[in-house]
Amino acid sequence: MHTDAAAAPNRLAHHFPDMKTQEHAARMGMWLFLSTEILLFAVLFTAYALYRFLFPVGFEEASRLAHVAMGATNTVVLITSSLTVALAIHYARQGENRKVVGFLAVTILFGMTFMVLKGFEYHHHWVDGQLPGRMYHFTGLSGPGVSMYFALYFLMTGLHGLHVLIGMGLLSWVAFRANRGEFGPTYSTPVELSGLYWHLVDLIWIFLFPLLYLL
Amino acid sequence: MTAATHSEGKHLGPAQYVMVWAALMVLTGVTLAVWKTDFSYAARVVIALAVALVKSALVAIFFMHLWEEKGVARLVLVVSALMVSLLIGFTLLDNATRFPYANPPYSESWKDVPWQKDAPPMQAEPPPIRTAPRSQAEHPAAHKP
């Protein structure tokens, strides 16, 4: 259980009095970084709100072209992946590194599922010509604001997808370290911080799904 | 130094996490179920956004451990949310109160301008995935010139 305290190198930086203070500072820094991520997405949400306000009919009609079944499945997948990350953090604090590896592997599989479904959605929109701006050539629906919806759809889900990929990379690295048995009661910061990142990705999707697929 | 980093005592366990997950699943179901009802459009939008807010609060408080976080870290998310609402709110206020022609052509604020008639009509066919609940004739912008 407590092998990390004996075997691992001293992880306490000299300017922190103890591990607890150090981890608190690390979490604080992660929250500040997450706030910049929130503001990055906030600009896109603002663009969405503005163009939806300007073209309500175009947005309402265009959002009916979104693939709700795949979007809803992806919502379930991401929320469940948040649960598995939360459990990985829990077991990292307990020092049960094998369980950490297991739950992180499941999380990464959920991330892959999400990206594959997203790829199918993009493929459908691509084939149907439901693309941003002048690339839009879908004949079933046209009018002011319709291609703007798809510009924002691809921008928002694309940036979110990029974050899913980065999150999968982070969790793989953390799983690799957990596999070496690095985490325990005194040191679980990497699991905590990359977990926070993954939860933020889930949190953003919680808003993206109703806005882009339903409203 | 050897004391456990997390010994505050208000720690959540796997059982609580699964309960939060179940609540999130139920709320996702609520969003989808309400969407299929014939409530007014405005009501469905308000419910969908309210449920999204509740879900994000659940994720932040329990999965992201704001519940057991201490000190100023708890403030960061609240302040971010406040800034986001200011950004969205004032941007919409700006465009809603503008001289109509200052907004893009054929947008909603041009609706009452006489030569809105020149706007290309909204041509909606029932999309292949979902049947359109509203007929084309009901769309404000679907009038024939």
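Residues are numbered from 1 along each chain as its sequence is written, while chains are lettered from A and ligands numbered from 1 in the order in which they are written. In this predicted model, local features need pLDDT of at least 70 and side-chain atom pairs count only at pLDDT 80 or more, whereas totals for chains, interfaces and linings use all residues.

Confidence was examined for chain A. Its mean pLDDT (the predictor's confidence in each residue, from 0 to 100) is 91. A value of 70 or more is reached by 96% of its residues. Residues 1-7 of chain A have a pLDDT below 50. Beyond near neighbours in sequence, this stretch has 16 contacts in the model. Two residues are in contact if their C-beta atoms, placed from the backbone, lie within 7 Å.

Chain A contains 7 helices and 1 strand. Helices (H or I, at least four residues) and strands (E, at least two) are DSSP runs, numbered from the N terminus. The order of elements in chain A is α-α-α-α-α-β-α-α, read from the N terminus. Its C-alpha trace spans about 65 × 30 × 25 Å along the principal axes. Chain A has 215 residues, of which 47% count as buried. A residue is buried if 20 or more other C-beta atoms lie within 10 Å of its own, exposed if 12 or fewer, and partly exposed in between, with C-beta atoms placed from the backbone. Among contacts in chain A between residues at least 6 apart in sequence, 79% join residues at least 24 apart.

Chain B has 3 helices and 1 strand. From the N terminus, these elements run α-α-α-β. Chain B has 145 residues, and 18% of them count as buried. Of its contacts with a separation of 6 or more, 35% involve residues 24 or more positions apart.

Helix α4 of chain A covers residues 68-94. The expected span of a helix is 1.5 Å times one less than its number of residues. For the 27 residues of α4(A) this gives 39 Å, and the end C-alpha atoms are 39 Å apart, which agrees. In α4(A), 19 of the 27 residues are buried, so the helix is largely enclosed by the rest of the structure. Just after α4(A) comes Gly95(A), with a positive phi of about 80°.

The largest nonpolar core has 78 residues. Such a core is a set of buried Ala, Val, Leu, Ile, Met, Phe, Trp, Tyr and Cys residues joined through C-beta atoms within 7 Å. Ala88(A), Val100(A) and Leu104(A) have the most contacts inside this core. Elements of both chains give it two or more residues, including α5 (97-128) and α6 (146-179) of chain A and α1 and α2 of chain B. The largest share, 16 residues, comes from α7(A). Leaving out residues up to four places away in sequence, Val100(A) touches Ala88(A), Tyr91(A), Ala92(A), Ala178(A), Phe183(A) and Val191(A).

Between the chains, 59 residues of chain B are in contact with 55 residues of chain A. On the side of chain B that touches chain A, α1 (14-36), α2, α3 (73-96) and β1 (123-124) of chain B each supply at least two residues. Helix α3(B) gives the most, with 12 residues. By class, this side has 40 nonpolar, 14 polar and 5 charged residues. Here Ala, Val, Leu, Ile, Met, Phe, Trp, Tyr, Cys and Pro count as nonpolar, Asp, Glu, Lys and Arg as charged, and the others, Gly among them, as polar.

Ala48(B) lies in helix α2 of chain B, residues 41-63. It is buried, with 22 other C-beta atoms within 10 Å. Neighbours within four places in sequence aside, Ala48(B) is in contact with Pro210(A), Leu214(A), Leu215(A), Thr31(B), Val34(B) and Trp35(B). Its C-alpha atom is 8.5 Å from that of Val30(B), 18 residues apart along the chain.

His65(B) sits in the loop between α2 and α3 of chain B. With 20 C-beta neighbours inside 10 Å, His65(B) counts as buried. Most residues other than glycine have a negative phi. His65(B) is not a glycine, yet has a positive phi of about 65°.

Lys20(A) is part of helix α2 of chain A. It counts as partly exposed, with 17 C-beta neighbours inside 10 Å. Lys20(A) and Tyr187(A) are 167 residues apart in sequence, but their C-alpha atoms are 9.0 Å apart in space.
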